[in-house]
Amino acid sequence: MQNLKFNRVTNGVIRGINSLNPKGVHIFITESHNIRVHWVQIEAPATSPNTDGIHISDSNNVRIARTRISTGDDCVGMIQGSTNIAINKVFCGPGHGISVGSLGKYETENDVRGIVVKNCTFNNTDNGIRIKSWPGSQPSLATGMIFRDLIMQNVKNPIIIDQEYGCNDKCNKAPSKVKISNVHYINVKGTTSSDIAVDLICSSHSPCEDIELRDIDLKYVGPKKVRTSSQCKNAKIGYGGIQNPPACS
């Protein structure tokens, strides 16, 4: 159940409203085109399950700006068929961060492309920017994404790609067939509560390609006496500028 649902809407505006304690997703946008979300306040307890702030599927040209989201799930979640999505000046926290996915849960899914997230702040979230796909998925694409000028404040997983989503150490499912490519992380700075600040776990079947990490500066603030590190698997990565944590070897 959603507080507000836009289904097959063209040229819609959501502005200046407050969404408080839904039974499910706060705002659900699906099969819609040219939607603007501005100056919205979204709030639910950090412990509330499945309370995504803004959930987008099969929609094109959605703009989210100057919005504050505190909830128990993804602040913004973009699943299959999300194209040309722009997120600017959003405050996220608490919550699970801004997510692309999960992808590959169903047999036939439309591609995700053209995602831009910039000038956002994440505060005490489980994740910062997360791309996630299920193992054993059917082929699809997630491509053309830019995440830049982001501030992380005590974020557990600031930069994460998880193509083994929902799979534990003993999982024997086939690898994900979602192809992730052309993804750029630029000027991401702040603090993390995890010693693994960059965690890129891609698919052995469809390795991530054209991943850029440029000017990343994430400092560990947890109880351990360690510095931040990176973990990478099945990913082709290019680096530039500051790299803290150090680049994957």
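These legends describe close-up views of a predicted model.

**View 1. A nine-stranded open sheet.**
The sheet is open and holds nine strands. Their order is β1-β4-β7-β9-β11-β13-β15-β17-β19. The pairing is parallel. Strands β1 (4-7) and β19 (229-233) form the edges. Each of these two strands pairs on one side only. From one strand to the next, the twist averages 10°. Strands of a sheet pair through backbone hydrogen bonds, in either a parallel or an antiparallel way.

**View 2. Strands β9 and β11 side by side.**
This view moves in on one pair from the sheet. Strands β9 and β11 run parallel, and three bridges join them. Which residue of β11 does M78 face? M78 stands opposite V100.

**View 3. A salt bridge between R130 and D74.**
R130 and D74 form a salt bridge. Their closest N and O atoms are 3.1 Å apart. The cut-off for buried is under 20%.

**View 4. A salt bridge between E212 and R214.**
How many salt bridges does the structure hold? There are eleven. One of them joins E212 to R214. Here the closest N and O atoms lie 2.7 Å apart. E212 has a relative accessible area of 16%, so E212 is buried. R214 is partly exposed, at 35% relative accessible area.

The side chains of D217 and K219 meet in a salt bridge. The N to O distance is 3.2 Å. D217 is buried, with 19% relative accessible area. K219 is partly exposed, with 45%. Some salt bridges share partners, and these join D74, R130 and K132 into one network.

**View 5. The largest pocket.**
Rolling a probe the size of a water molecule over the atoms shows where empty space is left. The volume of the largest pocket is about 430 Å³. Which residues lie nearest its centre? They are H55, I79, G101, S102 and K105, from a lining of 19 residues. By class, the lining of the largest pocket has five nonpolar residues, seven polar and seven charged.

**View 6. The second largest pocket.**
The second largest pocket holds about 190 Å³ of space. Its lining is made of 16 residues. P135, Q163, E164, C167 and K233 are the closest to the centre of this pocket. How many lining residues of the second largest pocket are charged? Four are charged, while six are nonpolar and six are polar.

Technical notes. Residues are numbered from 1 along each chain as its sequence is written. This is a predicted model: local features need pLDDT of at least 70, side-chain atom pairs count only at pLDDT 80 or more; totals for chains, interfaces and linings use all residues. Side-chain values use heavy atoms; hydrogens and water are left out. A salt bridge is a side-chain nitrogen of Lys or Arg within 4 Å of a carboxyl oxygen of Asp or Glu. Buried means under 20% relative accessible area, exposed over 50%, partly exposed in between (1.4 Å probe, protein chains only). On a 1 Å grid over the protein atoms alone, a cavity is a set of points where a 1.4 Å probe fits but cannot get out, and a pocket is an open set with protein on both sides within 12 Å along at least five of seven lines; lining residues have an atom within 4 Å of a point. Grid points are joined across faces, edges and corners, and a volume is the space filled by probe spheres set on the points. Ala, Val, Leu, Ile, Met, Phe, Trp, Tyr, Cys and Pro count as nonpolar, Asp, Glu, Lys and Arg as charged, and the others, Gly among them, as polar. Two strands pair if DSSP finds at least two bridges between them. Helices (H or I, at least four residues) and strands (E, at least two) are DSSP runs, numbered from the N terminus. Axes are lines fitted to C-alpha atoms, for helices over the stretch in contact, and angles run from 0 to 180 degrees between N-to-C directions.
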